[in-house]
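Please keep the sequence and the structure at hand while reading.

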Amino acid sequence: MPLPHSNSALASLLDLLDLEQIEQDIFRGLSRSAVVPRVFGGQVAAQALVAAGRTVPADRSANSLHSYFLRPGDPGAPIVYTVDRIRDGRSFTTRRVVAVQHGQPIFHLSASFQTYEEGLEHQAPMPQAPDPETLPTAAEMLPRHADRFLDPSVVDRLLEARAAVDLRYVDDPPYASVGTPREPRSQVWFRTSGKLDGEIDQPMLHVCLATYVSDMTLLDSVLLAHGRGGWATGDVVGASLDHAMWFHRPFRADEWLLYDQESPSASGGRGLGQARIYTRDGHLAVTVIQEGVVRVPR
């Protein structure tokens with residue numbers, strides 16, 4: 001995958017998504033160092049979608065994915081993605097992907113792809129949000145709250161892990177408002193930290209990049225409802241359980257996208273997050289739903 005710019009963090013992320021094909025319908029991906037001692041879930045989901053997309057005709061775009069996180073991934077070992085060609089219909093293509101490490105499945109994804117067609121049109125309106133340029137960057141926001149973290153070095157690790165993405169919170173993130181329950185809703189603007197062009201500037205890449213980012217903040221609204229700061233502050237432990245996305249309209253991951261997130265429920269040690277991703281001009285691009293383990297340490 002040629003790298004079209006000098007942004008090293010984004011170049012590294014694009015390399016991460018450029019899987020090695022080791023056999024027909026079998027691909028291998030590497031991992032980057034994670035902030036926590038396991039593979040970032042958004043990485044595995046994005047790589048699995050890349051693997052599925054490599055087996056689908058170019059005129060069919062992703063319309064949905066449904067996935068389960070089965071085991072923590074080992075960031076020091078390659079991940080092998082095996083694609084099953086479940087169905088190739090006249091309009092829709094279905095693929096199933098199993099991600100394996102150390103001989104065990106760690107992730108399972110089913111994805112659907114569709115040829116373009118005209119149809120009925122309506123959408124939920126885009127909510128109000130300030131312009132992203134008026135909001136603090138992660139480099140401005142995180143150091144202000146370093147004293148909230150159990151380990152202040154988390155700030156540098158988070159900044160490094162997210163350097164490929166410009167992600168800006170509309171309101172204070174959970175770690176900035178520990179102890180103060182709020183409405184279970186969170187908004188962030190995001191885009192890649194550089195433009196995508198050249199051979200790699202394909203719609204499928206933008207979809208995979210949005211999949212990668214979608215796992216970063218979706219459970220924030222669960223934490224906000226209970227005044228919890230998150231794993232870095234030590235007041236909860238958690239992990240993603242499942243993740244589903246529906247891709248409604250074309251979008252670009254290198255242009256500002258509004259991620260409007262809320263949590264309708266938490267119970268049984270689990271929290272549910274649901275969200276919509278809008279383009280800056282108001283088009284509903286993606287719907288996302290995720291459930292995760294959210295436990296209070298004993």
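Gly29 is buried, with a relative accessible area of 2%, and its place is in strand 2. The model described here is a predicted one. Leaving aside neighbours within four places in sequence, Gly29 is in contact with Leu19, Gln47, Pro78, Ile79 and Tyr81. Between the C-alpha atoms of Gly29 and Trp189, which are 160 residues apart along the chain, the separation is 28 Å.

In what order do the strands of the open sheet follow one another? Twelve strands form this sheet in the order 1-2-4-5-6-3-9-12-11-10-8-7, and their pairing is antiparallel. Strand 1 and strand 7 are the edge strands, each of which pairs on one side only. On average, and with direction ignored, neighbouring strands of the sheet are turned by 25° against each other. As a general point, strands of a sheet pair through backbone hydrogen bonds, either parallel or antiparallel.

Within the sheet, strand 11 (residues 270–279) and strand 12 (residues 284–295) pair in the antiparallel sense over nine bridges, and Ile277 stands opposite Val286 in strand 12.

## Strand 7, an enclosed edge

Although strand 7 is one of the edge strands, five of the five residues of this strand (residues 165–169) are buried, so strand 7 is largely enclosed by the rest of the structure. Both of its faces are covered, with Val165, Leu167 and Tyr169 buried on one side and Asp166 and Arg168 buried on the other. Strand 7 is joined by five bridges to strand 8 (residues 185–192), the two running antiparallel, and Arg168 stands opposite Trp189 in strand 8.

## Helices lying across the strands

Helix 2 lies across strand 2, strand 3 (60–69), strand 4 (79–88), strand 5, strand 6 and strand 9 (237–247), and runs at about 50° to strand 6. Helix 5 (residues 203–214) lies across another set of strands, namely strand 3, strand 6, strand 7, strand 8, strand 9, strand 10 (257–267) and strand 12, and runs at about 150° to strand 9.

## Nonpolar cores

The largest nonpolar core has 59 residues, and those with the most contacts inside it are Tyr81, Phe107 and Phe247. Helix 2 (residues 41–53) supplies the largest share of this core, eight residues. A second, separate core has nine residues, including Leu142, Phe149, Leu158 and Ala232.

Residues up to four places away in sequence not being counted, Tyr81 touches several partners, among them Leu19, Asp25, Ile26, Phe27, Gly29, Val44, Gln47, Ala48 and Ala51, as well as Val97, Val98 and Ala99.

Most residues other than glycine have a negative phi. Asp25, one of the residues touched by Tyr81, has a positive phi of about 65° although it is not a glycine, and Asp25 lies in the loop between strand 1 (20–23) and strand 2 (26–29). His102, in the loop between strand 5 (92–101) and strand 6 (104–115), likewise has a positive phi, near 50°.

Which of the two words, buried or exposed, applies to Asp25, and which to His102? Asp25 is buried, because its relative accessible area is 11% and the cut-off for buried is under 20%. His102 counts as exposed, because its relative accessibility is 63% and the cut-off for exposed is over 50%.

Methods. Residues numbered from 1 in each chain as written. Predicted model: local features only at pLDDT ≥ 70, side-chain atom pairs only at ≥ 80, totals over all residues. Heavy atoms only, no water. Helix = DSSP H or I, 4+ residues; strand = E, 2+ residues; numbered from the N terminus. Buried < 20%, exposed > 50% of the residue type's maximum accessible area, 1.4 Å probe, protein only. Core = buried A, V, L, I, M, F, W, Y, C linked by side-chain atoms within 4.5 Å. Contact = heavy atoms within 4.5 Å. Pairing = 2+ DSSP bridges. Axes fitted to C-alpha atoms, helices over the stretch in contact; angles between N-to-C directions.
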